[in-house]
Structures are given as structure tokens and as C-alpha cells.
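Me: Please take a close look at one part of this model: the aromatic rings and what surrounds them. I would like one connected account.

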Amino acid sequence: MTDCEESRRLKEAIASAHGLVFDCDGTLLDTMPIYYQSWKRSCDEVGLHFPVERFYAKAGAPVKDIFQMLIDEQMPGKLTAEYCEEVKRRHHAEIEADGQLAGPIDVVVDICKRFHGTMPMAVASSGWRDHVLSGLERIGILHLFDVVVTACDDGVKKGKPAPDIFLVAAERLGVCPTKCIGFEDADLGMQALKDAKYHYASDVRLMHMYPRNVEKRQHQEQKQPL
């Protein structure tokens with residue numbers, strides 16, 4: 001692990017863990033910039049307003065839940081979340097067809113590779129199951145996980161920030177939640193991990209080599225005078 005405060009805390013926590021559970025979008029796959037494109041195109045088409053700051057604040061919640069929230073606030077009774085979700089699926093497919101595909105978040109994927117075979121691991125994602133599976137397969141890491149849980153699975157009654165998805169993941173791994181470490185990139189996901197009583201909740205956004213942190217450092221370096 002790259003040496004930073006979060007990595008040091010994580011190293012200490014892993015020493016007494018029995019299972020690892022990872023969010024997917026923004027944690028294993030660098031999907032968030034692409035996802036906002038599909039959100040913006042979809043909302044523009046159906047007449048909803050969803051600024052980028054709110055997109056990141058709601059990261060981790062199921063797509064349908066976010067659309068329902070926006071509809072209730074802005075256009076009650078005029079749209080359905082199901083219709084809006086299909087619009088978003090179409091726009092996302094068009095973006096991928098243009099060749100914009102999410103790559104791995106190496107600093108997190110490296111952890112998966114390091115502990116594969118030494119303790120059970122799961123993915124717990126609010127994303128569409130077909131997208132989660134295809135994305136993990138495309139970057140060559142699907143085989144690392146014993147369990148993949150998505151928001152549509154039986155037992156997941158409520159999406160993040162409810163703890164359901166992380167509790168189901170721990171149950172399917174056969175590991176007590178208090179012996180699991182969860183990895184997240186979103187405030188709602190971090191809350192879900194805490195409410196699930198996980199041994200440790202790792203905020204991957206704090207890792208030195210997380211993509212947004214790398215981009216920020218590069219931007220700052222470019223602004224510095226020679």
C-alpha cells in the first residue's frame with residue numbers, strides 16, 4: 001500500500017480482519033466522471049436539474065432512488081423513476097459506444113490483488129448488476145471476488161446509506177460484519193459501513209494515489225511558475 005495516513009490506518013485494521021468488501025463505482029472502477037456525463041445528458045433530456053456537486057453528494061445511492069428524489073422535488077407526478085433510469089441506460093451505452101470506458105483505480109485494485117486467496121472478498125455496489133459485472137470483467141478482476149452484491153439483490157431492502165447491502169455481503173461471505181473492512185468513495189457509503197458495524201470503513205478518497213488526488217496534484221504543479 002502507498003504510504004499515507006489512510007493506508008497506515010488500513011494496514012493496522014487489516015491485521016485483524018477476516019473479510020474485505022469493496023464498493024465498485026469510484027472505488028474499484030474510475031466511473032464517476034463518465035457517470036456524471038450520462039446523468040447530465042439524461043437530466044437535460046427529461047427536464048431535471050442535477051448539478052455535479054449534488055451528484056457527488058448522492059454518490060452511492062441507487063439510480064432509481066436518486067431519480068425519484070429529483071422527480072419529487074422538481075416534477076412530481078410528471079415522470080417516473082423507471083422511465084428516467086431507462087433514459088440514463090441509453091445515454092450511458094452511447095458514451096461507452098464512443099469509447100469512453102472506465103479504467104481501474106489501481107491503488108484499490110492493488111489491495112484486492114494482494115489479499116486474493118488470503119481472505120474472502122466481496123463487491124457491494126448500488127450500480128446496475130450487468131454494468132458492475134462487465135466492468136470488473138473488462139479490467140480483469142472479477143475473478144478476485146467470492147461474492148458480488150448489487151442493490152437489486154434479495155435481502156437488500158434499502159439502498160445506501162442504509163447498511164443492507166454491506167450486511168448482505170458479509171453474510172454471503174460467511175464473515176461477521178465486525179470482522180469486515182469496507183472500502184468506499186462516497187459519504188453515503190461510508191455511513192452505510194458505519195451503520196453495518198464494520199470493523200473499519202476505509203475512505204479511498206484519502207489515499208495518496210486516488211485518481212482525483214493525483215489529478216489535483218498535477219493541476220497544482222502545472223500552475224506553479226518555473
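Reply: A charge sits over a ring if NZ of Lys or CZ of Arg is within 6 Å of the ring centre and within 35 degrees of the ring normal. Keep in mind that this is a predicted model. Lys88 places its charged end over the ring of Tyr35, 4.8 Å from the ring centre. For Arg89, the ring is that of Trp128, and the distance from the charged end to the ring centre is 4.2 Å.

Now the ring pairs. The structure has 8 aromatic pairs. Phe22 and Phe145 form an edge-to-face pair, because their planes stand at 70 degrees, over the cut-off of 60. Their ring centres are 6.0 Å apart. This pair joins distant parts of the chain, 123 residues apart. Phe22 belongs to strand β1 (residues 19–22). Phe145 lies in the loop between α7 (129–138) and β3 (147–150). Both Phe22 and Phe145 are buried.

Next, Trp39 and Phe67. Their rings make a tilted pair, with 4.5 Å from centre to centre and 40 degrees between the planes. Trp39 has 3% relative accessibility, so it counts as buried. Phe67 has a relative accessible area of 0% and is therefore buried.

α4 packs with helix α5 (residues 81–97) at about 120 degrees, and the axes are 9 Å apart. That angle makes α4 oblique to α5. The crossing of the two helices is right-handed. On the α4 side, the contact involves Val63, Lys64, Phe67, Gln68 and Ile71. On the α5 side, Ala81, Glu82, Cys84, Glu85 and Lys88 take part. Two residues named earlier return here. Phe67 pairs its ring with Trp39, and Lys88 has its charged end over Tyr35.

Thr31 is in the loop between β1 and α2. Its relative accessibility is 5%, so Thr31 counts as buried. Leaving aside residues up to four places away in sequence, Thr31 touches Asp25, Gly26 and Ala102.

Terms used: Residues numbered from 1 in each chain as written. Predicted model: local features only at pLDDT ≥ 70, side-chain atom pairs only at ≥ 80, totals over all residues. Heavy atoms only, no water. Phe/Tyr/Trp six-rings, centres within 6.5 Å; stacked < 30°, edge-to-face > 60°. Helix = DSSP H or I, 4+ residues; strand = E, 2+ residues; numbered from the N terminus. Buried < 20%, exposed > 50% of the residue type's maximum accessible area, 1.4 Å probe, protein only. Axes fitted to C-alpha atoms, helices over the stretch in contact; angles between N-to-C directions. Parallel < 35°, antiparallel > 145°, perpendicular 65-115°, else oblique. Left-handed = near helix turned anticlockwise from the far one by under 90°. Contact = heavy atoms within 4.5 Å.
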